[in-house]
Amino acid sequence: PKPFLLCLLQVALRIRPLSDAEQEEGATIVAHRVDDQMVVLMDPMEDPDDILRANRSREKTYMFDVAFDFSASQEEVYRATTKGLIEGLISGYNATVFAYGPTGCGKTYTMLGTDKEPGIYVRTLNDLFRAIEETSDDMLYSVSMSYLEIYNEMIRDLLNPSSGFLDLREDSKGVIQVAGITEVSTINAQEIMELLMKGNKQRTQEPTAANQTSSRSHAVLQVAVKQQSRCRDVLQEVRFAHLFMIDLAGSERAAQTQNRGQRLKEGAHINRSLLALGNCINALSDKNGNKYVNYRDSKLTRLLKDSLGGNSRTVMIAHISPASVAFEESRNTLTYADRAKSIRTRVKKNMINVSYHIAQYTNIISDLRCEIERLKKKIAEQASRQLNSDRADIRNVQGKVSAYIIFLVSEIQSAF
């Protein structure tokens, strides 16, 4: 078998509904979803009476793995983009999901959602813990999470904001790590949800003219899953994988957001990191494959190195506004998303074989005896439940027969 699999980056597109501000401005709809994969963008500035450009089409068509319009529910988006990654995750395959697009286009709604309509974070974690629970009889799991933001090219721990700014480190194997990040270990979905909500309240948000709750930072949720058999053996297989879920800050133009001072500086840092991401996408999608990929231009691209061109099954959910006033931003987003379709990642199962020393055999035997006792107890409980159920069935039948006999006797007596 091959040591790795070549996987194309999966690209989805989501078109949000027109906002109240866009409707008040008299904006028209220029982005249309044609079917499950096709999106058409029309140029609102083109003059149909212009003779010189009469033969040029006013429409540009884009094809994606899946496309959604404003009628798509959070559940539909999750099922089509992320749900399929969970089975691979607990088998040892890394996965990444990130939301991309201009500010105010619904990235945070898709990833975080609301209490009534939870997003990809919540739905993924719920299904992950459900899958762990279904296989917990045979497998032993450990799950840990960390949550950080990249704000003005500085990394901040959202689970422990008082720790200050953190540094990126690269180990001897080339794996990028955040030094000093808080990692919380749990196998309780509710506990992770509470930590996630707490962390999100620490995230930097400020109102702009384009979005009243604009995220001024990139938020990165990392979940690490380790799996091993409950039955310890002399040679044991351990699988581990990382899931990245990333809500990027939106690209923006100062003219549209009307930013000044601190907001303007934030926008410059956001655009710088997204430009670095765009450059990486351009280089990775280059047909010749000779282009140098500069991941070191920003901390965002260094963190996403494996997700974009390394060992990860990756999904990109691009977001656009359908409004004519957002045409330029929509076109740029669609162009980058279209290029990203040709990015290939080399995916392999993260697995190590742990060989135990002979001195540990006593512990292994002890663990195996405990496991046998646990399984015996479980079988006894199931047999007891089955016996009680059978007795209940017998009593039920006896009751019905007695009632029928009483009924017959009363009928006979009434007849005489």
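**Labels and their cut-offs**

Modeller: We start with isoleucine 120, which lies in helix α5. This is a predicted model, where local features need pLDDT of at least 70, side-chain atom pairs count only at pLDDT 80 or more, and totals for chains, interfaces and linings use all residues. Residues are numbered from 1 along each chain as its sequence is written, and side-chain values use heavy atoms, with hydrogens and water left out.

Biologist: What makes a stretch a helix or a strand?

Modeller: Both are DSSP runs, numbered from the N terminus. A helix is H or I over at least four residues, and a strand is E over at least two. The chain has twelve helices and 20 strands.

Biologist: Why is isoleucine 120 called buried?

Modeller: Its relative accessible area is 1%. Buried means under 20%, exposed means over 50%, and partly exposed is in between, with a 1.4 Å probe and protein chains only. The value of 1% is under 20%, so isoleucine 120 is buried. Of the 416 residues of the chain, 42% count as buried.

Biologist: Which residues does isoleucine 120 touch?

Modeller: Leaving out residues up to four places away in sequence, its contacts include Tyr78, Val97, Met111, Met245 and Ile317. A contact means heavy atoms within 4.5 Å. Across the chain, take the contacts with a separation of 6 or more: residues 24 or more positions apart account for 73% of them.

Biologist: How many aromatic pairs does the structure hold?

Modeller: The structure holds two. In one, the rings of tyrosine 62 and phenylalanine 64 have centres 6.5 Å apart and planes at 10°.

Biologist: Why is that pair called stacked?

Modeller: A pair of aromatic rings is described by the distance of the centres and the angle of the planes. Rings of Phe, Tyr and Trp (its six-membered ring) pair if their centres lie within 6.5 Å. Planes under 30 degrees apart count as stacked, over 60 as edge-to-face, and the rest as tilted. The planes stand at 10°, so the pair of tyrosine 62 and phenylalanine 64 is stacked.

Biologist: How do you know that tyrosine 62 and phenylalanine 64 are buried?

Modeller: Tyrosine 62 has 4% relative accessibility, and phenylalanine 64 has a relative accessible area of 3%. Both values are under the 20% limit, so both residues count as buried.

Biologist: What makes the pair of tyrosine 121 and tyrosine 147 edge-to-face?

Modeller: Its centres are 6.3 Å apart, with 90° between the planes. That angle is over 60, so the label is edge-to-face. Tyrosine 121 lies in helix α5 (residues 120-134) and tyrosine 147 in strand β8 (residues 139-151), so the pair ties together parts that are 26 residues apart in sequence. Tyrosine 121 and tyrosine 147 are both buried.

Biologist: Why do you say that lysine 60 sits over a ring?

Modeller: The charged end of lysine 60 is 5.7 Å from the ring centre of tyrosine 62. A charge sits over a ring if NZ of Lys or CZ of Arg is within 6 Å of the ring centre and within 35 degrees of the ring normal. The charged end of lysine 341 likewise sits over the ring of phenylalanine 64, 5.8 Å from its centre.

Biologist: How do you know that β3 and β4 pair?

Modeller: Strands of a sheet pair through backbone hydrogen bonds, either parallel or antiparallel. Two strands pair if DSSP finds at least two bridges between them. β3 and strand β4 (residues 38-42) have three bridges in the antiparallel sense, so they pass. Five bridges join β4 to β5, also antiparallel. Histidine 32 stands opposite valine 40 in β4, and valine 40 stands opposite threonine 61 in β5. β3 and β4 form a hairpin with four residues between them.

Biologist: What makes β3 and β5 edge strands?

Modeller: Three strands form an open antiparallel sheet in the order β3-β4-β5. β3 (31-33) and β5 (59-63) each pair on one side only.

Biologist: Where does glutamate 153 lie, and what makes it buried?

Modeller: Glutamate 153 lies in the loop between β8 and β9. Its relative accessible area is 12%, under the 20% limit, so it counts as buried. Glutamate 153 has a positive phi of about 65° although it is not a glycine. Asparagine 152 has its place in the loop between β8 and β9 (154-157), with a positive phi of about 50° although it is not a glycine.
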